[in-house]
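This report describes how two protein chains meet in one model. Please keep the sequence and the structure in view while reading.

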Number of protein chains: 2
Amino acid sequence: MQPEPEKRPELKDLQEILAGGATPLDTFLSDVRAADLAEWLYELEELEVARVFAALDLEGRVELLLFSEDPVRQTLLAGLNEEELRQVIEEMPADEVVDLLALTDEKTAERVLRRVDFERAQGLRELASYEADTAGGLMTSEFVTVQSDVHVGDAIKEIRSEEGPAGEEEIGVFVVDENGRPVGFVSDRELLTTGIHTPVAEVMDDDVITVGVDEDQEEVGNLVSKYSLSAVPVVDDQGVLIGVVSAEDALEALEDEVEEDIRRLVGTSPDEQTHLSISARVRTRIPLQALTVVGGLVTAFILDKALPGGGEAGRIDILRYLPIIIGLAGNVGIQSSTILVRAYATGELSQERESSVLGSEVIVGLMIGLLCGAATMCVATFMEGDPTNFSFGLALGCAIVVAVTWASFLGCVVPMSCQRFGIDPAIVAGPFLITLSDISGAAIFVGVAHLTLGLA
Amino acid sequence: MQPEPEKRPELKDLQEILAGGATPLDTFLSDVRAADLAEWLYELEELEVARVFAALDLEGRVELLLFSEDPVRQTLLAGLNEEELRQVIEEMPADEVVDLLALTDEKTAERVLRRVDFERAQGLRELASYEADTAGGLMTSEFVTVQSDVHVGDAIKEIRSEEGPAGEEEIGVFVVDENGRPVGFVSDRELLTTGIHTPVAEVMDDDVITVGVDEDQEEVGNLVSKYSLSAVPVVDDQGVLIGVVSAEDALEALEDEVEEDIRRLVGTSPDEQTHLSISARVRTRIPLQALTVVGGLVTAFILDKALPGGGEAGRIDILRYLPIIIGLAGNVGIQSSTILVRAYATGELSQERESSVLGSEVIVGLMIGLLCGAATMCVATFMEGDPTNFSFGLALGCAIVVAVTWASFLGCVVPMSCQRFGIDPAIVAGPFLITLSDISGAAIFVGVAHLTLGLA
């Protein structure tokens with residue numbers, strides 16, 4: 001007797017309601033998970049986003065803010081007046097509040113903080129003073145501590161009395177000595193399974209691994225990952241416990257650093273790229289291509305000096321510029337394919353978005369090709385220093401445009417076909433695609449050269 | 001009054017003791033964290049590893065096994081007789097046991113399982129039947145469930161009675177209906193802060209997100225990451241709860257998939273590479289290079305047909321092979337630099353290991369260069385089809401060896417210098433290094449050509 005699977009609400013249901021459907025918006029939204037809603041907002045107009053946000057109750061707003069990422073988050077924040085912002089802040093964990101206030105202008109943040117409970121506002125101001133990518137920037141200042149001479153029952157009472165905002169991390173209890181230095185940790189499970197009259201010191205894990213407040217976030221993530229910690233206590237330079245980083249936040253920071261590494265390898269952040277506008281995508285991806293053009297021109301220059309073309313203009317001259325074409329096409333192909341592979345892996349790219357993503361990626365490739373082709377054409381014409389070579393520069397520019405556009409097309413179509421046929425697209429994204437784009441880049445190059453320069 | 005920082009034991013202390021120090025080994029080891037010990041074992045001889053493992057008590061052995069990775073894990077396992085293995089297994093969470101038994105031969109595994117409590121052995125056999133990269137392969141079958149009509153106090157009692165091995169995940173309580181289908185989840189914190197007479201159904205989170213037992217591990221990780229879950233219930237095709245994947249395990253699986261993506265982009269797994277032998281490193285990195293050689297030869301062939309060299313052998317011929325050199329040097333440089341960047345980031349590479357890692361990476365580069373250079377020399381000589389061109393093939397091979405070795409040197413020295421001067425080495429690992437290696441690859445190429453072929 002297989003149970004009828006419950007039908008989850010979908011983006012298109014929301015779009016129908018926004019376009020004037022029968023169900024009231026707030027009724028519909030009460031069934032939607034905040035994480036899903038946060039994702040759908042990417043697909044909506046700003047006005048629609050505002051309508052959705054206005055239809056949520058306070059809890060729904062808090063959750064949506066917790067799950068949404070920066071561009072959308074900012075739109076949401078802009079729709080709140082100061083009183084609403086204060087309400088939202090009271091329901092959020094301290095570390096999230098700090099991230100949120102960092103998105104507003106300083107004056108608004110200060111006005112809102114003045115309305116918050118004085119003690120909490122003090123704590124928030126202090127949290128906000130730490131660098132975002134350090135332990136201080138990751139930690140929350142709201143957690144439960146007990147002295148080492150209390151009993152398990154006292155620790156449970158302490159948890160009950162300090163229970164804070166709903167979204168707060170559930171990270172057990174830290175045990176401190178009389179100077180506030182951490183000496184142990186008791187998990188919630190331990191508290192549940194031990195008699196209330198047992199001294200905390202007897203059940204606590206006394207091998208405490210702490211980090212300094214200025215420690216790099218990557219180091220905090222490495223500690224969590226290496227020692228399988230559920231939370232890391234953060235201490236000041238006196239060794240006093242001033243905050244706690246949850247495993248979740250530490251690992252997320254580590255993940256960000258790995259993403260950063262991929263971003264640097266590929267020359268663009270692969271995640272969420274398909275949600276960006278074409279001009280934004282060209283802008284983030286052009287610096288790597290510019291570097292490749294410069295490197296390729298230097299290579300061509302070296303080759304020119306070492307192996308002068310002599311009277312045989314055209315043939316050797318063309319081959320000198322091959323590294324630029326191959327490099328550019330390889331970069332663009334690897335960027336497109338990596339973006340697609342990650343988008344499939346994270347579920348960012350659904351089947352119905354495939355054709356629009358393919359179209360926009362090819363346009364991005366074309367734009368990059370035009371920019372780099374034009375730049376190379378100008379410099380190459382100048383470098384060859386021969387007016388009869390103007391057609392040569394033009395041929396070079398055209399070859400770049402065609403090869404780069406083709407590479408972005410390949411970088412999309414190959415992973416898409418793999419996905420269609422049930423092969424993991426990641427298999428082809430790297431070296432295989434580069435090889436394919438190298439060979440076709442060279443072929444396009446000589447093809448265009450034949451057409452425009454009439455070489456035989 | 002800054003407290004004296006406690007001196008943590010270090011690898012060299014262990015090495016001293018193994019070489020015959022005054023402190024007994026077991027006394028020393030009782031102060032060492034299992035995660036640290038697991039890392040140190042990489043640096044020890046197999047016999048020393050066995051001595052260390054033998055000196056640990058049962059708890060220490062279990063922890064060390066939980067923290068160690070596969071090559072070392074296997075060495076450790078080999079040192080256990082069946083009775084010791086049974087003891088270790090009784091103290092481990094079910095999902096870890098399955099991973100461990102997968103490393104032994106089937107006969108041993110079966111003999112050990114026969115000594116384990118019958119019911120547990122059944123559960124372990126079932127767990128072992130799922131594919132490693134699915135929800136079934138990640139989940140544990142040992143977790144706490146209660147019926148939806150019980151009270152909070154009953155749930156706490158259930159936890160106390162079912163408390164299993166020490167390493168078990170602490171993941172709250174799942175609430176199921178009369179058919180065993182999950183209908184809710186209660187965290188330990190919720191149980192601690194609610195009165196024991198409250199019905200569980202009142203405090204449970206009833207928005208349960210489940211996965212099927214065959215679901216891909218990447219999908220499980222995405223769910224945990226997207227919805228910030230602390231654990232995912234796994235159901236069979238009747239919707240019955242049969243296992244639980246902890247957030248930690250799900251995120252680790254996701255991390256493995258991201259690593260896999262990097263591995264495919266770079267053509268080698270960057271993590272733990274510096275701990276491998278030189279031949280293992282060459283073996284894992286040669287497939288990408290072979291693909292590059294083949295692609296480059298195809299490109300050279302196309303160029304040869306499209307732009308025949310005519311009587312001017314040497315000049316054009318050389319330029320046709322430029323893509324191979326640039327491609328190989330770029331690959332090796334990006335591999336070396338990515339390995340170093342990740343090794344710095346994860347703390348795998350300490351300052352005292354730098355020079356030995358540099359040396360071994362350059363040797364790896366040299367080996368790859370020799371293999372690829374020899375292959376290219378043979379094919380190119382054959383392709384040019386001219387006995388006078390034997391010296392040409394030799395020049396080409398030499399250029400490849402020099403350029404690839406140089407690229408691996410660059411790929412190490414540039415990130416190392418960055419690290420030394422306090423610049424994040426990741427900044428230079430990607431496009432910057434490729435550009436540098438492209439230019440120097442071309443320069444080396446023409447340099448070698450000049451020397452060996454006497455071109456002017």
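Across the interface of chain B and chain A, 16 residue pairs are in polar contact, both residues at pLDDT 80 or more. A polar contact is a pair of N or O atoms within 3.5 Å; within protein, one must be able to donate a hydrogen and the other to accept it, and residues adjacent in sequence count only if both atoms are side-chain atoms. Helix H23 (residues 431-453) of chain B supplies the largest share of the side of chain B that touches chain A, nine residues. Helices are DSSP runs (H or I, at least four residues), numbered from the N terminus.

The model is predicted: local features need pLDDT of at least 70, side-chain atom pairs count only at pLDDT 80 or more, and totals for chains, interfaces and linings use all residues. Residues are numbered from 1 along each chain as its sequence is written, chains are lettered from A and ligands numbered from 1 in the order in which they are written, and side-chain values use heavy atoms, without hydrogens and water.

The table lists what each chain brings to the contact (heavy atoms within 4.5 Å).

| Chain | Residues in the contact |
|---|---|
| Chain B | 84 residues |
| Chain A | 83 residues |

Between chain B and chain A there are eight salt bridges, each a side-chain nitrogen of Lys or Arg within 4 Å of a carboxyl oxygen of Asp or Glu. Lys226(B) forms a salt bridge with Asp36(A), with the closest N and O atoms 2.8 Å apart.

Thr299(B) lies in helix H17 (residues 278-306) of chain B. Not counting residues up to four places away in sequence, Thr299(B) touches Asp438(A), Ile439(A), Ala442(A) and Pro323(B).

Key
Helices (H or I, at least four residues) and strands (E, at least two) are DSSP runs, numbered from the N terminus.
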